[in-house]
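Had a look through the model you sent over.

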Amino acid sequence: MTTTLNIIDDFNRESLGIEIDLSLPAERVTRALDQIAKWRGYPRCVRLDNGPEFVSHSLHEWATRHDVKLAFIKPGTPTQNAYIERFNRTFRHDVLNMFAFSNLDEVQRISTLWMYDYNSDRPHQSLGGTTPWAYLKQHQRSQSLLLNGTA
């Protein structure tokens, strides 16, 4: 079964990364966050659920090392992380449920193309009808990220 790690910016709903694999341990999560930080900087805060990849010691060490606050939602209350849950539903509907993939590289390639479209061409009602990238150009970017894994 394919697992995804979806990372979005809380401010402008921009999809910053979609990691695809059979499992995504904490080390893979921190590597993805470090890659994003190379071009966006480290966030002040990351809001996340209580999945095993997020409650690990290595993620806490990563957060401490980079002065990032980990804000865990209350267990069993995905509405506290509603933006990423909405994103997950859209991603699953538009990508994961729409294709019969041959391999993980194909899933990653199609997901990356979809992410580009999501950020550049898809207007968001919550952003006043603009795209995440257009909204980002109009406003100062946030330093708060949302993370969630799906299985």
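The points below cover the nonpolar cores and then the salt bridges.

1. Keep in mind that this is a predicted model. The largest nonpolar core has 16 residues, and L5, I7 and L59 touch the most other members. At least two residues of this core come from each of β1 (3-9), α1 (26-40), β3 (45-48) and α2 (57-65). The top contributor is α1, with four residues.

2. There's another core, lying apart from that one: it has 13 residues, including I84, V95, W114 and Y118.

3. On to charges: the whole structure has six salt bridges. One of them pairs R40 with D9, with the closest N and O atoms 2.9 Å apart. R40 sits in helix α1 and D9 in strand β1, so this pair ties together parts 31 residues apart in sequence. R40 counts as buried at 7% relative accessibility, and D9 is buried too, at 1%. Salt bridges with shared partners also join D9, E14 and R40 into one network.

4. D10 is in the loop between β1 and β2 (15-21) while R47 is in strand β3, so the link spans 37 residues of sequence. Both D10 and R47 are buried.

5. R122 and D94 form a salt bridge as well, at 2.6 Å between the closest N and O atoms. Here the loop between α4 (104-120) and α5 (132-138), which holds R122, is tied to helix α3 (residues 82-96), which holds D94. R122 is partly exposed at 25% relative accessibility, and D94 is partly exposed at 22%.

How values were computed
Residues are numbered from 1 along each chain as its sequence is written. This is a predicted model: local features need pLDDT of at least 70, side-chain atom pairs count only at pLDDT 80 or more; totals for chains, interfaces and linings use all residues. Side-chain values use heavy atoms; hydrogens and water are left out. A nonpolar core is a set of buried Ala, Val, Leu, Ile, Met, Phe, Trp, Tyr and Cys residues joined through side-chain atoms within 4.5 Å. Buried means under 20% relative accessible area, exposed over 50%, partly exposed in between (1.4 Å probe, protein chains only). A salt bridge is a side-chain nitrogen of Lys or Arg within 4 Å of a carboxyl oxygen of Asp or Glu.
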